[in-house]
Each structure stands twice: as structure tokens, then as C-alpha cells.
Amino acid sequence: MSLLDDLIAQASDGEASAMLRKLMIVAHRLEAAPLLMWAKQELNGYEDDDSLPSYRGPMAVQVRAQIVGPGGAQGTNYLTSHGIPDGFDGLFKAAFSEPLAGIESLSRSDEGIHIPWDPVAVGFYNKWIDERRVPFIPLWGVYSASKTVSSSVLQSIVDVVRTKALELALDLQSAFPDAGEVGGPTMQDPAVRSTVMHITNNIYGPVNGLAQGHVVRPKVVIRQGDLVGALTAARAFLTDSSIVTLSQVLATDGSDDEKRGKLDQLIAGIKSGAIAIAGGVATDLAAEGVIDLVRQFFGW
């Protein structure tokens, strides 16, 4: 049985963690950096909500509240986001950065999950009730509130990942039965690259092809000055220890010439092998990716 056979079996009806580990091996041997990064994040969880694929949120959810009224009356009700000030829509949305295995376990609960509001948020909502910004039962207020997420929503996240892994494995197997095996085809083969990019484009967005060697890299977009976003995106190209070195470049004070000088030293280290890069990533791809990130960070 080939590695792709194992991956297909796990994606169809197997343990989420086992499936993702198989996918990591396939991605590494294909030299598919975006696919490898996705598999690692699904296995270990996402560190920053800004990097979440859209199927993990933020998504709109219901908010169920314990409410209190005159004479100590109590009840339950669903809150509305209608009328809340700008910037507070996160009270009615949920995102899931946990490892896929954890989400799969939670999806087996008949009751789903409940994510409680911070008491400060409850206080804000009661203030909006008093100000008549939000519609509410007269003389009543909110005692506590929780975002409610059904098990079907959680299962849909798991199903998306399983389906993407299964689609990749089946497409590869039909054209390249030895894909994922030692010595098998890699992303240098245009047909393999096209098959892999069909999946990763749906996760990370379009990628740009580099002129030399048909190498592709993820098109990562970060905001100028967003240090967390830059270092998170850099995980596609660098090891954790090398990301520390990158952070020192991004924290450089001084002129643009000084910053470019430190960037040149970092890129030289990557190309010489002195700066470790992420597994399964070609040296030129890592260098181009880091250059792109640093340029976006500094606004060049």
C-alpha cells in the first residue's frame, strides 16, 4: 500500500491527526511548502487568528443569554447584534484556531460548545440596552451570555479539511501513483504543481510563479508594520530559530539603507545554508518569500 493509499483511507474515515501526519509526509516529499504549512497548522493549531483559513472563521454565531427582570425574574433569550457600535461585531462571531483533532472531538458533542462573554462585554451590552441602542425587553437586562456553536458547524470544519486532503490524494494518485514516495515527483513537475496549487489556492489564495525553475510560493499579504503577521507568515519559509533572526531585522531602527543591509545579510545566510529554512522549502523560494515579507513590512 502506497502513502497516498494510506492518506486516502485516513481522509475517508480515519483519525484526523493520523491523516494530517500522512499529508505532512506527502507535502514534504513533494517540496510543497504551502501544503506543508497548512498540514502543520491543522495538526498543531493556528497561533494567530489573522492566519486562519476562511472555513475556520470568523463566522456568525448565535448568542444565548441569561436575562433578569423585575422582582428577580429570570429567563433565557438570544441577543441581537442589531444596533451595536462599530468594532464590537466580534461578540457575535467565533473563530477556531485549535488543532483539527480537538475540533473533531468537540463536534461529537450533541450540545455543541458555548463560549462565554467576558463580564465586561455583558456590561457594555447592558449599557446599550439602557441607551436603547439595541432592542430588548423593557426593564430587563443581561446577566450572562455565551456564543453558541452547534456540533454541525464544528463537523463542517473537519469535513472541509478531510475533503481537501482526499481531493489532493485522489488527483495525485490518478496522474502520479508514486507521488509522496521517496524519489517520487516534486513540485518541479508542472502537472504536480498544478494539482497541488488547485488545493492550496483555495486555502491561501492565488500564488505567483517565479520566473526561474517554475518555482511557486504563497502570496502572503501583511500590513505594513504588522510584526506578528510578518513572523507568522514567515513560518512558511523559516524554522523557529531563524524567525528570531528575522525579527531582529524587522526591529531595526535607522535608515532604509541600514535595514536593506541587514536584509541582504539575512538573505545571504539563507542562500548559504547558515540560516535554517522550513522543511520541504527550496532555498530560492525561502529567500524570495522573506524578501517579499520584509518589503511589505517596511512598505518598500
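Hi everyone, let's start with the sheet: four strands in the order E3-E2-E6-E5, open, and paired in the antiparallel sense. Strand E3, residues 74-79, and strand E5, residues 113-116, stand at the edges with a single partner strand each, so each has one side left without a neighbour in the sheet. From one strand to the next, the twist averages 30°. And please keep in mind that what we have on screen is a predicted model.

E5 pairs with strand E6, residues 141-149, over four bridges, in the antiparallel sense. If you want a spot to look at, find Pro116, which stands opposite Ser146 in E6. Then there is helix H5, residues 119-130, which packs on the sheet and touches E3 and E6. The direction of H5 makes about 120° with that of E6.

Next, two backbone details. Where is Arg132? In the loop between H5 and E6. Arg132 has a phi near 60°, which is a positive value in a residue other than glycine. The other detail is the peptide bond from Gly57 to Pro58, which is cis, with omega near 0°. Pro58 belongs to the loop between H3 and strand E1, residues 59-60. Why point these out? Because most residues other than glycine have a negative phi, and most peptide bonds are trans.

Finally, how confident is the predictor? The chain averages a pLDDT of 85, and 92% of the residues score at least 70. Among the elements of the chain, strand E2, residues 62-68, has the highest mean pLDDT, at 96, while strand E7, residues 207-209, has the lowest, at 34. Across residues 206-218 the pLDDT is below 50, and this stretch has 32 contacts in the model beyond near neighbours in sequence. A word of caution there: where pLDDT is low, the predicted coordinates should not be read in detail.

Notes. Residues numbered from 1 in each chain as written. Predicted model: local features only at pLDDT ≥ 70, side-chain atom pairs only at ≥ 80, totals over all residues. Heavy atoms only, no water. Pairing = 2+ DSSP bridges. Axes fitted to C-alpha atoms, helices over the stretch in contact; angles between N-to-C directions. Contact = heavy atoms within 4.5 Å. pLDDT = per-residue confidence, 0-100.
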